[in-house]
Amino acid sequence: MKNSFNIVAVFSGIDTLLRGIEVLRESGMNNFIVYSPIPHHDIENVLHRKKSPVRIFTLVGAITGFISGWVLTIGSVMNYPLIVGGKPLISVPPFGVIAYILTILFGVLATMIGFLINARFPRLNLDKNYDERFSSDHFGIQIFCDNSEVNKYKEMMTEVGAIEVRNT
Amino acid sequence: MMTWENVVEINPSDAKKMIIKRGDILKIISKYGEIELPAYDHNGIKEGTIAISIGYGHTDYGRYAKYSGVNVIGLLSSDPNIYSGGIQWSGIPVTIVKMEKTKRLANVSGSDYSYGRNIIETISINELINQSHSNGDHTEGNKLSIYKSHDHPKHRWGMTIDLDKCIGCSACVTSCYAENNVPVVGKKQVELGRELSWIRIERFFEEQTTQQLESNEMITGFIPMMCQQCDNAPCEPVCPVYAAYHTEEGLNGQVYNRCIGTRYCANNCPYKVRRFNWFDYDFPEPLNWQLNPDVTVRSKGVMEKCTFCIQRIVEGKMNARIESRQFQDGDVVTACQQVCPANAIIFGDLKDPNSKVNKVRDENRSRQYRVFEELNTEPAIVYLKRIKS
Amino acid sequence: MSFKLTYTQTDLDLTQTLNKPNRWYYVCLILLAFGVAWGAFSWYHQIFSGIGVAGKNNPVGWYLYITTFVFWVGIAHSGTLISAILFLFRVKWRASVYRSAEAVTVFGLATAGLFPLLHMGRVWVFYWTMPYPQMGGLFPNFRSPLIWDVFAISTYLTVSSIFFITGMVPDVAIVRDKVRGWRKKLYSLLAQGWQGTDIQWKHYTSAYVFLAALATPLVISVHSIVSWDFAMSIIPGWHSTIFAPYFVAGAIHSGLAMVILILIPMRNAFRLHAYITAHHLESLAKFLLFTASIVGFAYTIEVFIAWYSGNPWERAIFLYRAFGDYWWTFWALFVCNLFIPQLFWFKKFRRNISFLIIVSIAVTIGMWFERFVIITTSLAHDFDPYSWGLPSLTLTEIGIVIGSFSWFFFLFMIFAKTLPVVSMWEVKEQLEPPKVG
């Protein structure tokens with residue numbers, strides 16, 4: 001949802017950041033992203049975003065893995081039946097081990113795919129509004145708005161305590 | 001059991017008295033000469049005597065005989081034996097001096113004793129007479145399994161080995177080498193424990209107390225041990241690539257081309273009959289002319305073992321089909337069976353009630369046993385207990 | 001656990017580990033490279049001549065290669081335990097040590113993964129163990145514990161590499177933001193465009209929880225599967241149901257010792273005393289004491305069951321282990337793995353760096369010998385006394401074992417200078433965030 005203007009406000013403390021987010025939400029603006037060096041539960045609480053769908057990917061991956069394990073093992077012995085050691089053709093305990101391992105493997109791979117898809121990752125170029133201090137010890141809010149609202153939000157952020165506000 | 005060289009065979013209690021360990025080099029001095037060779041203590045020698053094999057220590061007899069072992073004839077007197085007129089092979093007094101050297105021996109056996117593990121079982125005549133009743137049919141055994149056993153639609157190969165007839169001559173071992181292109185690994189490799197014989201004569205000294213002999217006596221027992229072709233083979237489920245599998249005819253198959261050489265099957269075999277090709281072994285001229293064209297020559301990294309001469313089984317079945325007749329007992333004779341001078345080894349189809357292998361079992365029910373029965377491997381080879389007097 | 005540290009200070013301290021290394025680093029690296037070269041040459045020699053250049057024989061078909069294999073797989077386990085399981089239990093002190101521990105896991109597996117290839121007789125057809133239809137529809141034998149190993153170790157390597165690399169992304173972004181020039185390009189590639197937006201963090205933390213949750217059962221199952229290489233056999237001393245928990249406890253035991261052995265020199269070399277504190281090392285020491293007790297218990301139970309069961313094979317193998325050809329290795333196990341760690345009951349020893357090192361070295365040696373005892377004695381002395389025999393020690397086999405140790409430390413040393421060894425974002429997560437007023 002990109003509008004024509006981006007405003008980037010840099011905050012040096014989490015308290016000012018949280019105030020900044022609160023005033024934005026009070027004013028009805030929800031089209032912004034928050035940069036932070038760490039995931040903090042306060043930020044998550046104040047943002048009220050939807051829960052991540054990555055867990056669905058994990059579940060689907062794990063179930064696929066479990067089923068594939070049984071299909072692979074049972075299918076392979078039915079295709080080319082060989083007797084070994086007097087054991088039955090469909091040996092449940094060993095095949096269960098393989099199914100268990102594939103559950104975990106596919107679950108992990110699906111989780112990774114889910115993360116990459118949802119976070120739209122990996123990206124080749126960084127957003128030009130990204131400030132290198134965001135990975136270290138500063139926080140940021142990037143607001144997407146129309147030309148007419150630029151000044152309003154710039155003032156809002158400065159009032160709340162942003163050490164730097166710029167727009168592009 | 002020694003290979004590749006001769007040794008001083010000495011009784012263990014003598015060795016203990018002189019603090020001689022197996023492999024210690026001894027100098028043997030007689031009136032006529034002295035030689036140095038390693039000691040090998042075993043119970044087959046009477047106390048107070050030593051024995052040394054002749055025929056070793058050649059200097060001009062070809063590349064394998066040369067310098068193999070020590071020539072013992074130098075210890076003997078040149079005077080003829082007063083009775084026979086021949087060379088005095090025995091009764092020569094010698095002095096033994098222990099040298100401070102040891103060498104690793106090309107000994108194929110691990111321990112000489114069976115520690116009560118009932119590998120070679122014996123039965124006395126009295127027990128035999130008293131047990132004229134059936135002792136159970138060992139072709140089926142006690143099936144302690146939660147899994148059903150598989151069917152054998154056409155044939156089921158088995159073997160009976162009569163330990164009372166076996167004389168331990170090792171002709172079976174030699175014939176197996178010849179028939180199955182088993183390489184000779186050489187002295188160094190035997191010292192490291194890598195000999196490749198598919199069938200071997202296991203020799204154990206066992207203490208026996210019987211009513212007739214009133215004292216403990218060490219007797220020697222031997223048993224030809226080869227792949228038991230177990231129904232519940234422990235080697236099969238552990239092969240990662242199905243190189244070891246069970247055929248429909250009850251054989252434990254080994255697919256050389258499929259083997260990747262992880263050696264788990266050999267670790268799992270309780271009889272330790274699976275042998276590994278640690279190197280590519282030579283068949284130096286003219287030995288390569290002796291190779292059997294019906295059998296593959298295995299490369300390094302591949303596991304091999306007795307196959308009940310499967311090439312002969314296939315040939316026998318094929319001949320029966322070519323001649324448009326049913327397969328009969330006697331169509332297939334394994335190499336070991338073929339050369340055994342005592343006819344101790346009988347091979348045949350267990351599904352045929354009239355086959356010799358079944359007949360011998362039926363006639364000797366009370367003598368039937370299988371090695372390591374309690375491990376539930378269900379071997380296809382039944383041994384008949386040796387009768388001790 | 002509160003440091004008087006700030007975000008800025010943390011980043012500074014933990015990125016200066018990536019500064020240009022001094023002379024000793026290069027000396028160590030070259031020595032390790034020699035070790036790796038010796039191992040590689042030995043392997044080359046073995047492939048061309050045959051496995052016979054190693055010391056194995058009939059009956060001892062597995063000797064130092066499988067010993068070292070199980071050893072390295074074991075070492076790999078404690079890393080995942082610290083990074084995944086302690087994460088799920090919200091144990092705070094894990095934050096600064098888990099990255100190095102996870103590196104121990106990944107490199108331990110990279111080393112262990114070589115051994116199934118090393119011990120194979122025909123390694124050029126190793127791919128027949130892969131699950132695809134071969135020779136007209138034949139798959140590998142899924143009943144074989146060796147195939148379970150192939151699956152389990154590949155899965156574990158994949159999962160821990162993913163977990164490792166994913167966990168590092170925010171840290172690599174920090175490094176990317178601090179460097180210039182060609183290094184900036186390199187780290188940008190590795191950071192894959194991480195910007196720390198709330199959306200990214202949301203999905204990231206969710207994925208992280210699930211990765212940890214999925215890696216957790218691997219800690220227990222992978223070494224159980226490796227132990228079943230032995231437990232699925234019938235030979236006495238191997239055919240035992242205690243092997244799965246026994247080996248997992250042993251794995252964590254050896255892994256903790258290796259983590260301590262890595263953390264202490266690293267902490268000194270990079271001056272990370274504020275991050276890897278005496279408290280961390282003490283916690284690891286306490287954990288080591290716990291696993292030592294479990295391992296000691298397992299040894300005692302095995303001996304007890306060997307006697308109590310009345311099984312003549314079991315009794316014979318344990319008597320052989322205690323009094324036979326390798327008796328000194330058996331007693332070394334009790335001393336190194338059970339008795340020496342008992343020093344850690346005393347705070348004085350837990351807090352003393354020299355004792356930590358001594359005990360960790362003893363445990364590492366002891367755990368290697370534990371695998372040696374299990375494998376070699378059981379194979380040398382099983383059912384048929386005619387086939388008892390001992391293997392020999394050859395230069396090739398030693399070369400490959402030393403090569404594996406060199407390879408592990410070589411990988412770790414390269415890691416230490418290219419990627420952050422302590423997780424900056426997780427340490428910062430434990431700190432108070434910067435506040436304005």
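This is a predicted model: local features need pLDDT of at least 70, side-chain atom pairs count only at pLDDT 80 or more; totals for chains, interfaces and linings use all residues.
## Where chains B and C meet

Let's start with the contact itself. Chain B contributes 55 residues to it, and chain C contributes 54 residues. Together the two chains bury about 4,400 Å², with 56% of that area on carbon and sulfur atoms. On the chain B side, the residues that lose the most area to chain C are R117(B), R258(B) and Y264(B), which together make up 16% of what that side buries.

What charged and polar links join the two chains? There are two salt bridges between chain B and chain C. In a salt bridge between R200(B) and D384(C), the side chains meet at 3.6 Å, N to O.

Which elements of chain B supply the side that touches chain C? Strand β8 (200-208), helix α5 (264-268) and strand β12 (275-276) of chain B each give at least two residues to that side. The largest share, five residues, comes from β8(B). Sorted by class, the side of chain B that touches chain C holds 29 nonpolar, twelve polar and 14 charged residues.

## Aromatic pairs in chain C

Now to the rings. Over all chains, the whole structure has 68 aromatic pairs. In one of these, Y44(C) and F48(C) form a tilted pair, 4.9 Å centre to centre and with 50° between the planes. Both residues sit in helix α2 (residues 23-49) of chain C, four residues apart, which is about one turn of the helix. Is F48(C) buried or exposed? F48(C) counts as exposed because its relative accessibility is 58%, and the cut-off for exposed is over 50%.

Y65(C) and F115(C) form another tilted pair, at 6.4 Å centre to centre and 50° between the planes. Y65(C) belongs to helix α3 (residues 64-88) of chain C and F115(C) to helix α5 (residues 115-118) of chain C, so this pair ties together parts that are 50 residues apart in sequence. Both Y65(C) and F115(C) are buried.

## A ring cluster with members from both chains

Finally, ring pairs link a set of aromatic residues into a cluster: Y264(B) together with W62(C), F230(C), W238(C), F243(C), Y246(C), F247(C), Y299(C), F323(C), F330(C), W331(C) and F334(C).

Technical notes
Residues are numbered from 1 along each chain as its sequence is written. Chains are lettered from A and ligands numbered from 1 in the order in which they are written. Side-chain values use heavy atoms; hydrogens and water are left out. Contact means heavy atoms within 4.5 Å. Buried area is the accessible area (1.4 Å probe) that two parts lose on being put together, summed over both. A salt bridge is a side-chain nitrogen of Lys or Arg within 4 Å of a carboxyl oxygen of Asp or Glu. Ala, Val, Leu, Ile, Met, Phe, Trp, Tyr, Cys and Pro count as nonpolar, Asp, Glu, Lys and Arg as charged, and the others, Gly among them, as polar. Rings of Phe, Tyr and Trp (its six-membered ring) pair if their centres lie within 6.5 Å; planes under 30 degrees apart count as stacked, over 60 as edge-to-face and the rest as tilted. Buried means under 20% relative accessible area, exposed over 50%, partly exposed in between (1.4 Å probe, protein chains only).
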